[in-house]
Amino acid sequence: EVWQRVPNGFLKLLLERAGCPRAAVKDLGSLKLLQALLNIVERLNVHDEETDSFISSAEPEAWNLRNSSMAALFLNNDLRIADAHEAVGQCLITLQQLGFDTASLNSGYGRALDFVMDGVVASLDKVATEIEMFCRRSRSQTMS
């Protein structure tokens with residue numbers, strides 16, 4: 001998966017530098033690490049912060065909350081590892097929560113897979129866009 005190309009150790013280091021407790025990020029997997037990074041950068045962007053505000057000794061507010069922008073990535077992961085009917089049932093609930101009409105599954109899973117892949121692309125785009133906005137704003141501040 002694309003998001004697994006970024007080493008977990010690097011993401012953990014970033015989160016620790018942002019003020020997240022080492023013990024809290026120690027056992028997080030790649031998706032939760034990426035979600036935490038998105039939560040932090042989104043909040044910094046909302047407040048028009050510069051890159052030097054990323055590094056903090058204080059724990060960032062709401063860094064470990066669920067982020068709906070990441071839902072498709074989590075769903076994709078759940079579908080990859082689903083091996084029991086209970087897991088599939090939860091995946092169907094998540095599809096509905098994301099706005100997919102599960103009644104169309106009677107004609108196959110093709111549309112559902114396309115829907116999930118579109119969501120994965122949108123999730124990754126959201127992460128990239130937020131990081132790019134944060135970095136671009138700080139670069140423009142240093143140039144002026």
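Which residues does Phe54 touch, not counting residues up to four places away in sequence?

1. **Phe54.** Phe54 touches Leu14, Arg17, Ala18, Leu37, Ile40, Val41, Leu44 and Phe134, with residues up to four places away in sequence left out of the list. Contact here means heavy atoms within 4.5 Å.

2. **Basis.** This is a predicted model, in which local features need pLDDT of at least 70 and side-chain atom pairs count only at pLDDT 80 or more, while totals for chains, interfaces and linings use all residues. Residues are numbered from 1 along each chain as its sequence is written, and side-chain values use heavy atoms, with hydrogens and water left out.

3. **Largest core.** The largest nonpolar core has 15 residues. Such a core is a set of buried Ala, Val, Leu, Ile, Met, Phe, Trp, Tyr and Cys residues joined through side-chain atoms within 4.5 Å. Buried means under 20% relative accessible area, exposed over 50%, and partly exposed in between (1.4 Å probe, protein chains only). Leu15, Val25, Ile40, Phe54 and Trp63 touch the most other members. Two or more residues come from each of α1 (8-17) and α3 (30-46). Helices are DSSP runs (H or I, at least four residues), numbered from the N terminus. The largest share, 6 residues, comes from α3.

4. In soluble globular proteins, nonpolar side chains tend to be buried together.

5. **Salt bridges.** The structure holds 5 salt bridges. The criterion is a side-chain nitrogen of Lys or Arg within 4 Å of a carboxyl oxygen of Asp or Glu. One of them joins the side chains of Arg22 and Glu16 (3.1 Å, N to O). Arg22 counts as exposed because its relative accessibility is 60%. Glu16, at 22%, counts as partly exposed.

6. **Arg43 and Glu61.** These side chains meet in a salt bridge at 3.8 Å, N to O. The pair links distant parts of the chain, 18 residues apart. Arg43 is in helix α3, and Glu61 is in the loop between α3 and α4 (71-81). Arg43 is partly exposed, with a relative accessible area of 34%. Glu61 has 57%, so it is exposed.

7. **Within α6.** Lys126 forms a salt bridge with Glu130, the closest N and O atoms being 2.9 Å apart. Both lie in helix α6 (residues 110-143), 4 residues apart, about one turn of the helix. Is Glu130 buried or exposed? Glu130 counts as buried, because its relative accessibility is 8%. Lys126 is partly exposed at 25%. Salt bridges that share partners join Glu42, Lys126 and Glu130 into one network.
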